[in-house]
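Open the model in your viewer and keep the selection tool ready. The tour goes from the whole chain to single residues.

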Amino acid sequence: MKIRTLLSACAIGALATTAMAETLTIATVNNGDMIRMQKLTGDFTKKTGHEVEWVTLEENVLRQRVTTDISAKGGQFDIMTIGMYETPIWAKNGWLVALDDFSADYDTDDILPAMRGGLSLDGTLYAAPFYGESSMIMYRTDLMEAAGLEMPEAPTWDFVAKAARAMTDKDKEIYGICLRGKAGWGENMAFLTATSNAFGARWFDENWKPQFDSEEWATTLNFYINLMTEAGPPGASNNGFNENLSLFQQGKCGMWIDATVAASFVTNPKDSTVADKVGFALAPDTGLGKRGNWLWAWALGIPAGTQKEAAAKEFIQWATSKEYIELVAANEGWANVPPGARTSLYENENYKSVPFAEMTLKSILSADPNNPTVKPVPYVGVQFAAIPEFAGIATQVGQEFSAALAGQQTAEEALAKAQALTADEMEAAGY
């Protein structure tokens with residue numbers, strides 16, 4: 001037995017020394033979990049000999065850069081950080097390498113079904129989730145108590161609006177609610193599309209006719225703008241995920257409705273001034289049967305045509321593995337491991353004690369991309385419509401909605417422009 005083990009070790013060592021070491025270029029988003037991954041990359045290099053060069057970008061810039069590069073076959077990147085929207089569309093175009101030959105130890109079946117399904121085409125995985133997320137409410141328990149209110153586990157938007165106004169003290173720079181306002185299909189439109197589902201709105205009817213001229217969208221956008229005007233921070237039209245995270249960590253937000261992955265950052269005493277005063281609840285509803293929570297994974301995919309496919313697959317297996325989770329836990333604690341990707345994490349006794357673990361899983365499991373809206377729709381996706389045209393259209397719509405939040409136009413004007421431009425784009429695309 002010992003002889004066999006020694007021989008196996010020698011064989012692995014021989015492979016490692018004879019295999020060509022590569023330098024991988026990876027495009028990623030400037031979120032905290034990715035920054036942490038970069039700091040731990042030495043573990044990957046030590047095990048494989050491969051070096052990594054990082055291109056770290058703000059979310060909107062990342063989306064633009066990787067989309068331009070892969071569609072033009074630019075070849076700038078060996079690995080791209082992408083999500084559930086791009087993956088099946090790009091896979092259908094032949095732009096991504098299938099990830100169907102990972103080792104048995106990687107345990108692809110352990111990936112949460114919602115994440116695996118959203119990152120696959122016809123049952124084949126084309127991007128592996130680094131972390132998965134839904135959205136939920138993160139709130140200041142001390143401010144909620146001072147307002148004489150108690151947050152339900154499953155609140156309504158009416159309750160959230162009431163609590164936000166009650167917690168606001170602008171003289172002390174405390175704002176009852178912080179929500180995304182920065183224009184972008186994955187920034188303000190991710191939040192507003194998911195929120196609109198709870199208000200009964202939808203992007204398109206069953207015949208692909210845009211619905212921004214509907215009463216439901218008018219209610220959604222006016223509710224959002226009024227709430228942010230009365231209880232939100234100044235300059236909210238410039239705030240995306242990272243800006244609101246910073247505000248919350250500084251103690252300036254009573255509530256923040258955003259990605260569940262933020263929970264580890266707002267409860268980390270190294271970064272957050274309110275780490276011991278944070279509670280969690282499901283995203284709000286309006287009693288119509290849909291909550292305003294999305295479903296997303298930031299995942300790693302390989303563009304077709306890379307000359308470093310084998311090394312790229314090695315990196316993805318390392319970064320999205322059970323072993324990587326253990327590595328982060330050993331270095332940063334269980335509260336800081338990448339969440340929402342693997343079933344085994346939520347069965348791990350060490351992780352079950354993390355205060356936001358259960359609410360994160362509940363939020364992920366409650367999002368239904370196949371039935372996202374109150375009324376029927378012809379598309380799949382909670383905070384996006386899974387069609388190639390969506391990103392371009394939603395970027396333009398997001399600019400109109402952000403301008404309305406900034407007071408540069410009315411909600412009605414923004415909706416009229418959104419209706420017109422969406423109708424034009426969809427007609428040009430042949431819908």
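What follows is a list of stops, each with something to select and a note on what is there.

**Before you start**

This is a predicted model, in which local features need pLDDT of at least 70 and side-chain atom pairs count only at pLDDT 80 or more, while totals for chains, interfaces and linings use all residues. Residues are numbered from 1 along each chain as its sequence is written, and side-chain values use heavy atoms, with hydrogens and water left out.

**Stop 1: the whole protein**

The protein has 19 helices and eleven strands; helices (H or I, at least four residues) and strands (E, at least two) are DSSP runs, numbered from the N terminus. Its radius of gyration is 22 Å, close to the 22 Å that the globule rule gives for 431 residues, so the protein is as compact as a globular protein of that length. That radius is taken over C-alpha atoms, and the globule rule is 2.2 Å times the number of residues to the power 0.38. Along the principal axes, the C-alpha atoms fill a box of roughly 70 × 55 × 30 Å.

The accessible surface comes to about 17900 Å², and 50% of it belongs to carbon and sulfur atoms; areas come from the Shrake-Rupley method with a 1.4 Å probe, and for residues only the protein chains shown count as cover. Of the 431 residues, 56% count as buried. Buried means under 20% relative accessible area, exposed over 50%, and partly exposed in between (1.4 Å probe, protein chains only).

**Stop 2: the disulfide**

Select Cys178 and Cys253 and show their side chains. What do Cys178 and Cys253 form? They form a disulfide (a pair of cysteine sulfur atoms within 2.5 Å), with their sulfur atoms 2.0 Å apart. Cys178 lies in strand β8 (residues 175-178) and Cys253 in strand β9 (residues 253-259), so the pair ties together parts that are 75 residues apart in sequence. The torsion about the S-S bond is about -85°, so this disulfide is left-handed. Cys178 is buried at 0% relative accessibility, and Cys253 is buried with a relative accessible area of 0%.

**Stop 3: Val328**

Move on to helix α14 (residues 322-332), where Val328 is placed. Is Val328 buried or exposed? At 0% relative accessibility, Val328 counts as buried. Leaving aside residues up to four places away in sequence, Val328 touches Arg36, Leu40, Gly333, Asn336, Val337 and Pro338. Contact means heavy atoms within 4.5 Å.

**Stop 4: helix α17**

Select residues 357-366, which make up helix α17. Its buried residues are Ala357, Met359, Thr360, Ser363 and Ile364. An α-helix has 3.6 residues a turn, so residues three or four places apart point the same way. The buried residues of α17 pack against α6 (113-118), β6 (128-133), β7 (135-140), β10 (278-282), α15 (343-347) and α16 (349-352).

**Stop 5: two loop residues**

Most residues other than glycine have a negative phi. Select Asp107, which is not a glycine but has a positive phi of about 60°. Asp107 is in the loop between α5 (86-92) and α6, and at 25% relative accessibility it counts as partly exposed.

Finish with Asp122, a residue other than glycine whose phi is positive, near 50°. Asp122 is found in the loop between β4 (120-121) and β5 (124-125). With a relative accessible area of 79%, Asp122 is exposed.
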